[in-house]
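Me: I'm new to reading protein models. Could you walk me through one, feature by feature?

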Amino acid sequence: MSLVVMATGGTGGHIYPAVATARELMARGRETLILGQRGGMEERVAREQGLAFQGVDAGKLARSGQGRPDPRELLRAARGLGEARAFLRDARPAAVVGFGGFASLPGVLGAQSLGLITVLHEQNARLGLTQRLAAGRARAVGTAYPRVVGLPERKATMVGMPVREERLPRSEALARLGLQEGPLTILVMGGSQGSLALNGAVPDTLRHVLGIEGLLPEGAAVQVIHSTGPRWLSDVVPRVRDLPWYHPVGFVDAVAAWSAADLAITRSGTGTLAEAALHGVPLVMVPLPESAENHQLHNARSVEAAGAGRVVEQARVEEALGGAVLECASPGTRAAMREAALARTPAGAAARFADLVERHL
């Protein structure tokens with residue numbers, strides 16, 4: 001049974017596609033392992049998912065205030081590369097699959113320095129920095145978009161965005177989340193680590209528009225599950241303590257949350273948009289303005305153009321978010337958006353990417 005290593009980490013947008021691909025390869029009889037930053041989110045997710053994990057050091061490819069690479073991060077990156085090389089030299093996997101993000105770099109570059117097969121997955125429409133460093137020596141690159149800026153077409157194969165293709169019956173999902181049957185269920189999710197901007201704007205906006213518009217008689221018509229990110233939960237809880245229909249949590253079971261949601265207020269990373277499409281959930285999207293090459297705004301505009309959501313730019317969130325939520329909560333609008341979302345489903349992407357990996361073993 002040949003080992004395939006998934007090099008990933010940093011955020012859920014990089015980690016969960018690796019988990020989905022690992023599970024697909026395991027179903028085909030292959031051994032898999034997640035390689036990422038020691039103590040990072042990927043270690044916790046791997047343990048929760050019952051996947052083998054190997055931790056190494058990792059340094060962010062960021063710049064210091066003087067515009068030069070931070071030498072401490074460079075030292076960590078070099079140390080992580082050495083640790084990854086040592087592990088891979090002993091393990092001799094059939095391939096290392098890189099999913100982007102700084103934590104994937106030690107595994108991918110370590111594998112390439114040892115002459116091991118590498119395959120990449122690029123989730124954005126523009127090649128990311130870590131992927132640019134590795135793409136030249138990779139056997140192939142699976143993509144989530146038909147064209148990726150910075151990637152030669154001969155290297156690219158469109159596979160879609162691998163996601164966990166798991167759905168729960170609505171009643172089971174609501175029970176897992178401690179929510180009621182019946183009310184319109186709104187999910188607020190700012191990515192795997194939460195969003196300070198959404199945490200700041202959404203509670204007061206929903207308190208205002210849902211109360212004024214009469215959509216919340218005696219707390220029975222609407223309920224909100226808000227994934228704040230663990231570090232910010234204590235900031236949000238006091239602000240909604242008087243709202244029995246508002247449920248802030250530090251971290252949410254994503255499969256249950258998407259299976260229960262009728263509408264979601266989110267950022268617009270590719271992973272989030274793919275999961276929403278799989279579950280047919282209409283979106284109100286607040287793109288992260290600092291995203292590389294402003295890719296989140298481009299992502300969100302494509303969803304809006306398809307009729308599956310509305311875009312509210314962060315600079316206008318206080319004035320525009322309430323109206324967008326009320327528009328999308330309308331039953332007729334929501335039904336049309338649901339159909340448009342389902343038409344964008346990423347179902348089968350994990351299998352297509354696993355096919356690509358296996359072709360190069």
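This is a predicted model: local features need pLDDT of at least 70, side-chain atom pairs count only at pLDDT 80 or more; totals for chains, interfaces and linings use all residues.

Me: Let's begin with a helix. Which residues of α11 are buried?

Reply: Two terms come up here. Helices (H or I, at least four residues) and strands (E, at least two) are DSSP runs, numbered from the N terminus. Buried means under 20% relative accessible area, exposed means over 50%, and partly exposed is in between, with a 1.4 Å probe and protein chains only. In α11, residues 295–305, the buried ones are H295, Q296, L297, N299, A300 and V303. As a general idea, an α-helix has 3.6 residues a turn, so residues three or four places apart point the same way.

Me: What do the buried residues of α11 pack against?

Reply: They pack against α10 (270–279), β12 (283–285) and β13 (309–311). Contact here means heavy atoms within 4.5 Å. Just after α11, G307 takes a positive phi of about 85°.

Me: Where does a positive phi turn up in a residue other than glycine?

Reply: Most residues other than glycine have a negative phi. R92 has a positive one, near 45°. You'll find R92 in the loop between α3 and β4 (95–98), and it counts as partly exposed because its relative accessibility is 48%.

Me: Is W245 buried or exposed?

Reply: W245 counts as buried, because its relative accessibility is 6%. It sits in the loop between α8 (233–236) and β10 (246–249).

Me: And Q112: where is it, and what does it touch?

Reply: Q112 is in helix α4, and its 7% relative accessibility is why it counts as buried. Not counting residues up to four places away in sequence, Q112 touches T118, A134, R137 and A138.

Me: How do I read the way α3 and α4 pack?

Reply: Look at the axes, which are lines fitted to C-alpha atoms, for helices over the stretch in contact; angles run from 0 to 180 degrees between N-to-C directions. Helix α3 (residues 71–91) and helix α4 (residues 105–113) pack at an angle of about 55°, with axes 8 Å apart. That makes α3 oblique to α4; under 35 degrees counts as roughly parallel, over 145 as roughly antiparallel, 65 to 115 as roughly perpendicular and the rest as oblique. Among the residues making the contact are G80 and L81 of α3 and P106 and G107 of α4.

Me: At what angle do α12 and α13 cross?

Reply: Helix α12 (residues 317–329) and α13 cross at roughly 80°, and their axes come within 5 Å. That makes α12 roughly perpendicular to α13. The contact is made by E327, C328 and A329 of α12 and P331, T333, R334 and M337 of α13.

Me: Last one: which residues touch the most other members of the largest nonpolar core?

Reply: A nonpolar core is a set of buried Ala, Val, Leu, Ile, Met, Phe, Trp, Tyr and Cys residues joined through side-chain atoms within 4.5 Å. The largest has 29 residues, and L177, L187, V252, W258, A264, L283 and M285 touch the most other members. Helix α9 gives the most to this core, with six residues. Leaving aside neighbours within four places in sequence, L177 is in contact with V252, A256, A257 and A260.

Terms used. Residues are numbered from 1 along each chain as its sequence is written. Side-chain values use heavy atoms; hydrogens and water are left out.
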